[in-house]
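This report describes the arrangement of strands, helices, core residues and charged pairs in a single protein chain. The sequence and structure are shown first, and the description follows by topic.

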Amino acid sequence: PRLRCALVGGMALPSELSRRARAAGVPVRHTYGLTEACSQVTTQPVGKDLVPGAHSTEDAGVPLFCTQVKLADDGEILVRGPTVAPGSVAADGWLQTGDRGELQDGRLRVSGRKSNAIVTGGENVAPEEVEAVLAGHPAVAEALVTGRSDPEWGEAVVAVVVLRDGRRASASELRQHCGQHLATYKVPKQISLSAQPLPRNRTGKLVRPG
C-alpha cells in the first residue's frame with residue numbers, strides 16, 4: 001500500500017527531508033511524544049501538513065485532546081493528562097520530560113534535550129537544532145554537534161560531519177550554510193569531516209561523548 005503520511009518526532013526536521021517527502025507526494029506532519037505519555041503529546045492537525053510558507057518545520061503541533069502542555073521557567077516541557085503514566089509524574093502532577101521547547105500560539109516547538117544543551121557565551125544551544133541545519137545541506141549524510149571546553153566561550157559549538165558518497169563540501173562552506181539559518185553563536189566554531197559513520201545506539205540515536 002502507498003504511504004500516505006509520515007509522522008516525524010518533534011525535533012527539527014531537515015528541510016531537505018521535508019522537500020524530498022513532498023516531491024514524493026508524501027504529506028508530512030510533526031509529532032512530539034515520549035513513552036511515559038503513550039508516545040504522543042502534540043501533533044500537527046489533519047490538513048496542516050508541512051508545506052512551504054506554513055508553520056516552521058520545528059513546529060510539533062498542538063496538544064492532543066485532554067493533554068496539557070506548559071513550560072517550566074528553564075524552558076523544560078511539562079505534560080499532564082490521562083495518557084501520562086501516574087508513576088512518572090512529579091509531586092505537582094506534571095511529567096518533567098527533560099526536553100526544552102517554546103509555545104507559540106498554542107503550538108509546541110521542541111528545541112532539544114536539557115542534558116544535551118551547550119552553554120556558549122552565556123547562551124544555550126540545542127545541538128539537535130544545529131545538526132538538523134547541517135543535515136539540510138545536500139552534501140551532508142549525518143552530523144553530530146557537541147560542546148568543547150573553551151577558555152573564552154565556556155563551551156564552543158563543534159561538529160563532526162559525514163558527507164554523502166560522491167559529494168564534496170568544505171568546513172567553511174558548511175559553516176556558511178549554518179550562518180544562513182542560525183544565530184551567530186549557534187554556528188559551529190569548528191567542523192571536522194569524517195569518513196566513518198557516526199556512532200549510534202540500538203535505537204538509531206546518536207551517541208554523544210561524555
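## Strand β12 and its partners

A hairpin of three residues joins β11 to β12. The model is a predicted one. Strand β11, residues 140-150, and β12 run antiparallel and are joined by 10 bridges. Within this pairing, Gly147 has Val157 in β12 as its bridge partner. Strands of a sheet pair through backbone hydrogen bonds, either parallel or antiparallel.

The pairing of β12 with strand β13 (residues 190-194) is parallel and comprises five bridges. Here Val162 has Ser194 in β13 as its bridge partner. Helix α3, residues 171-179, forms a right-handed β-α-β unit together with β12 and β13. Strand β12 itself spans residues 154-163 and is mostly covered, with seven of its 10 residues buried.

## The nonpolar cores

Which residues of the largest nonpolar core touch the most other members? They are Leu134, Val145, Val161 and Leu174, in a core of 19 residues. Two or more residues of this core come from each of α2 (127-135), β11, β12 and α3. Strand β12 provides the largest share, four residues.

The surroundings of Leu134 can be listed in detail. With its neighbours within four places in sequence left aside, Leu134 is in contact with Val140, Ala143, Val145, Ala159, Val161, Leu174, His177, Cys178 and Ile191. Apart from this core lies another one, of 12 residues, which includes Leu34, Ala60, Ile77 and Val84.

## The open sheet β5 to β8

Four strands form an open sheet in the order β5-β6-β7-β8, and their pairing is antiparallel. Strands β5 (68-71) and β8 each have a single partner strand and stand at the edges, so one side of each is left without a neighbour in the sheet. On average, neighbouring strands of this sheet are turned by 50 degrees against each other, direction ignored.

Strand β6 and strand β7 (residues 95-104) run antiparallel and are joined by three bridges. In this pairing, Glu76 stands opposite Arg100 in β7. In a regular strand the side chains alternate between the two faces of the sheet.

## Salt bridge between Lys114 and Glu76

The salt bridges in the model number eight. One of them is formed by Lys114 and Glu76, with the closest N and O atoms 3.3 Å apart. Why does this pair tie together parts that are 38 residues apart in sequence? The reason lies in the positions of the two residues: Lys114 is in the loop between β8 (107-113) and β9 (118-120), whereas Glu76 is in strand β6, residues 76-80.

The two partners are also described by their accessibility. Lys114 counts as partly exposed because its relative accessibility is 30%, and partly exposed covers the range between the buried limit of under 20% and the exposed limit of over 50%. Glu76 has a relative accessible area of 9% and is therefore buried.

Side chains of opposite charge can pair when their charged atoms come close. Glu129 forms a salt bridge with Arg109, in which the closest N and O atoms are 3.5 Å apart. Because Glu129 lies in helix α2 and Arg109 in strand β8, the pair ties together parts that are 20 residues apart in sequence. Both Glu129 and Arg109 are buried.

Glu129 also meets the side chain of Lys186 in a salt bridge, at 3.0 Å from N to O. This pair links distant parts of the chain, with Lys186 in the loop between α3 and β13 and Glu129 in helix α2, 57 residues apart. Lys186 is buried, as is Glu129. Through shared partners, salt bridges join Glu102, Arg109, Glu129 and Lys186 into one network.

## Arg19 in helix α1

Helix α1 comprises residues 15-23 and contains Arg19. Is Arg19 buried or partly exposed? With a relative accessibility of 41%, Arg19 counts as partly exposed. Arg19 and Gly136 are 117 residues apart along the chain, and their C-alpha atoms are separated by 9.9 Å.

Notes. Residues numbered from 1 in each chain as written. Predicted model: local features only at pLDDT ≥ 70, side-chain atom pairs only at ≥ 80, totals over all residues. Heavy atoms only, no water. Buried < 20%, exposed > 50% of the residue type's maximum accessible area, 1.4 Å probe, protein only. Pairing = 2+ DSSP bridges. Right-handed = clockwise from strand over helix to strand, strands pointing away. Core = buried A, V, L, I, M, F, W, Y, C linked by side-chain atoms within 4.5 Å. Contact = heavy atoms within 4.5 Å. Salt bridge = Lys/Arg side-chain N within 4 Å of Asp/Glu carboxyl O. Axes fitted to C-alpha atoms, helices over the stretch in contact; angles between N-to-C directions.
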